[in-house]
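Open the model in your viewer and keep the selection tool ready. Each stop below says what to select and what is there.

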Amino acid sequence: MTSTKLYSIAKRVVWEAYQLVRANRGAAGVDDETIAMFERHLSGNLYKLWNRMSSGSYFPPPVKQVEIPKAKGGTRKLGIPTVSDRVAQGVVKLMIEPTLDPIFHEDSYGYRPGKSAKQAIAVTRTRCWKYDWVVEFDIKAAFDQIDHALLMKAVRRHIKEDWILLYIERWLIARFETAEGASLPRMRGTPQGGVVSPILMNLFMHYAFDSWMQRTWPQSPFARYADDAVVHCRSLAQAQAVMQAIEERLAECGLTMHPEKSKIVYCKDSNRTGTYPNVQFTFLGFTFRPRRALSKHQRRFTSFLPAASSDALKRMRQTVRSWRLHRRTPATLVDLAQQCNSAIQGWWNYYGAFYRTAMHRLFGYLDLRLMRWARRKYRRLRQSRRRSAEWLRRMKFVHPGLFVHWRVAGASVG
């Protein structure tokens with residue numbers, strides 16, 4: 001049966017792609033079909049998709065455009081493909097990733113198997129101790145500005161299967177559909193939210209930045225996560241030259257360095273005491289800046305270290321507030337722990353990996369919300385903050401492992 005098809009695509013790969021889409025969940029696309037709805041006729045839907053892809057007759061539907069607010073104002077445009085189209089993109093991702101991922105630079109950390117943001121933070125921390133200067137830059141609307149011709153040139157260099165090239169080109173030009181129903185053509189970019197978009201972004205940036213950087217500025221190591229990157233330099237003059245060169249290189253490739261999110265930073269610490277305007281930067285939710293530290297000989301000194309950024313802590317506090325714990329007076333303390341712990345554990349796993357004491361303010365805020373819950377629930381505590389504080393101390397003593405942050409709050413500085 002397969003031999004009669006124009007393209008040979010294994011049904012097993014379609015099934016694996018569906019499993020990935022199912023694990024990532026996600027919203028419905030322009031057809032309003034959820035994953036649960038797609039699964040009601042799963043075998044038929046997957047067979048129809050395989051059949052169309054194998055015959056070359058698969059055309060992706062429009063991509064649903066949604067705007068989500070950014071933390072510092074403005075909106076970010078996301079493109080949400082239909083469930084079926086996400087599976088189709090997953091098929092191509094599974095096929096091209098084993099070929100493309102090995103060519104990527106070791107300091108490209110975004111959306112790659114075996115790579116993570118925490119690894120990028122760890123290597124950046126180590127390099128900040130070795131290099132005095134950092135060039136921090138962000139690319140303005142990078143996913144939206146990728147040049148299709150340059151991207152396809154890179155794709156064709158490594159991918160030879162006609163059907164993969166065909167479908168990638170079709171995905172690149174698939175129209176956007178707005179919430180108002182308007183259909184918008186797309187001449188540049190790959191939708192942020194598409195399954196295949198991250199690996200295409202990495203391929204584009206491999207040639208636009210990574211390999212160019214390695215070739216042109218081999219003495220300046222970098223870490224890049226998608227469109228966000230930092231470069232380390234020995235001197236201010238070198239940092240200024242590198243920043244200008246990067247800006248020009250990005251412009252050559254049709255990209256724009258974000259003016260507000262790009263700067264040169266001095267990695268000030270006890271041994272580097274110069275006076276410069278910028279002595280901190282934020283990368284992947286962590287703010288690097290001079291911080292108090294303790295040496296192995298128990299001496300205090302200043303080191304240049306990452307910790308959870310104020311914006312990240314603010315977002316976490318907003319999430320805690322949204323739980324409205326004080327309204328849940330019928331619940332038990334165990335119920336509240338069950339509600340909160342998965343989120344707290346996730347925050348701790350990421351932000352608690354470096355300079356853990358930065359998380360203590362968040363944990364203190366969470367405890368205040370629990371005290372407020374206790375004052376509403378128990379009449380004897382209602383009029384007394386002191387009694388509710390004593391109640392909290394007693395609960396921590398009796399049930400020290402009930403909440404994740406009770407277990408870890410005593411951890412030492414990382």
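**Stop 1: the largest cavity**

Select Q89, W171, T190, P191 and S197: of the 13 residues that line the largest cavity, these lie nearest its centre. The model is predicted: local features need pLDDT of at least 70, side-chain atom pairs count only at pLDDT 80 or more, and totals for chains, interfaces and linings use all residues. Residues are numbered from 1 along each chain as its sequence is written, and side-chain values use heavy atoms, with hydrogens and water left out.

A cavity here is a set of points, on a 1 Å grid over the protein atoms alone, where a 1.4 Å probe fits but cannot get out; lining residues have an atom within 4 Å of a point. Grid points are joined across faces, edges and corners, and a volume is the space filled by probe spheres set on the points. The count comes to one cavity of 30 Å³ or more. The volume of the largest cavity is about 70 Å³.

Now colour α8 (162–173) and α9 (197–216), which each supply at least two lining residues. Which helix gives the most to this lining? It is α8, with three residues. Helices are DSSP runs of H or I, at least four residues, and strands are runs of E, at least two, numbered from the N terminus. By class, the lining has eight nonpolar, four polar and one charged residues. Ala, Val, Leu, Ile, Met, Phe, Trp, Tyr, Cys and Pro count as nonpolar, Asp, Glu, Lys and Arg as charged, and the others, Gly among them, as polar.

**Stop 2: the largest pocket**

A pocket is an open set of points with protein on both sides within 12 Å along at least five of seven lines. The largest pocket holds about 1400 Å³ of space. Select K70, R76, D138, D228 and K261, the closest to its centre among 38 lining residues. Then show β2 (75–80), β3 (133–138), α6 (142–145), β9 (281–283) and α11 (310–322), the elements that give two or more residues to this lining. The lining divides into 13 nonpolar, ten polar and 15 charged residues.

**Stop 3: strands**

Show the open sheet of four strands, in the order β2-β1-β4-β5 with mixed pairing. β2 and β5 (183–184) are at the edges with a single partner strand each, so one side of each has no neighbour in the sheet. Strands pair if DSSP finds at least two bridges between them. β4 (residues 176–177) and β5 pair antiparallel over two bridges. Select E177: its bridge partner in β5 is S183.

Move on to β6 (residues 222–225) and β7 (residues 228–233), antiparallel and joined by four bridges. R224 stands opposite A229 in β7. Two residues lie between the strands of this hairpin, and A226 takes a positive phi near 60°.

**Stop 4: helix α12**

Select residues 333–351, the 19 residues of helix α12. Look for a kink of about 40° centred on C340. The bend at a residue is the angle between axes fitted to the seven residues ending there and the seven starting there. Buried residues of α12 include C340, W347 and W348. Buried means under 20% relative accessible area, exposed over 50%, and partly exposed in between (1.4 Å probe, protein chains only).

**Last stop: the whole chain**

Zoom out. The chain has 15 helices and eleven strands. Of its 414 residues, 49% are buried.

Note on methods:
Expected span 1.5 Å × (residues − 1).
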